[in-house]
Amino acid sequence: HKGLLKLGGEGKMACFKVIKKPYILEQFQKENEKADVKKYFKLLLSTPTFFKKSWGKELLEDAGFKVLIAFVGQAISIGGFDVKERVPKQMRKGVPAGSIYYLENKEHLSFQDIKCKLQKKLRESNKRGFGAFEILPL
């Protein structure tokens, strides 16, 4: 099925197509797990990520990967207010979602080993969603 529909208060027209088997994120991730990443891979930040220094080159290289090239967006500032404690949260600078790193897998790790290693390095310990990523084959 396909057709036209109106969107929003302005009634803008849009085309649509019904896909019987949607290509969802889990399928995408399963396909990537089978890809060859033993030599090179891409790291895509899917949420903002905080690094102790700059844009993350040092952390990634300390983890055993060589940064070949990086497409990093402008630093973002994230803060907020702690309602429970009734105090402002410290403002932090982070690398925005959508930033991409092309990495050399110097230790020739498997997909799962890369994923585990990067989760330990990038994920926030408080589980607030910062540091999520995807590993993509070249």
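I count a contact when heavy atoms lie within 4.5 Å. The model is predicted: local features need pLDDT of at least 70, side-chain atom pairs count only at pLDDT 80 or more, and totals for chains, interfaces and linings use all residues. Residues are numbered from 1 along each chain as its sequence is written, and side-chain values use heavy atoms, with hydrogens and water left out.

**Overall fold**

I looked at contacts between residues at least 6 apart in sequence: 68% of them join residues at least 24 apart. I then listed the elements, taking helices (H or I, at least four residues) and strands (E, at least two) as DSSP runs numbered from the N terminus. The protein has three helices and eight strands. Their order from the N terminus is β-β-α-β-α-β-β-β-β-α-β. The radius of gyration, over C-alpha atoms, is 19 Å, well over the 14 Å of the globule rule for 138 residues, so the protein is more spread out than a compact globule. That rule is 2.2 Å times the number of residues to the power 0.38. Along the principal axes, the C-alpha atoms fill a box of roughly 50 × 50 × 25 Å.

**Burial**

I used under 20% relative accessible area for buried (1.4 Å probe, protein chains only). Of the 138 residues, 25% count as buried.

**Asn105**

I found Asn105 in strand 7, residues 100-105. Asn105 is buried, at 1% relative accessible area. Its side chain reaches the backbone oxygen of Val37 at 3.0 Å. Leaving out residues up to four places away in sequence, Asn105 touches Val37, Lys38, Lys39, Phe41, Phe65 and Ile114.

Methods. Buried means under 20% relative accessible area, exposed over 50%, partly exposed in between (1.4 Å probe, protein chains only). A polar contact is a pair of N or O atoms within 3.5 Å; within protein, one must be able to donate a hydrogen and the other to accept it, and residues adjacent in sequence count only if both atoms are side-chain atoms.
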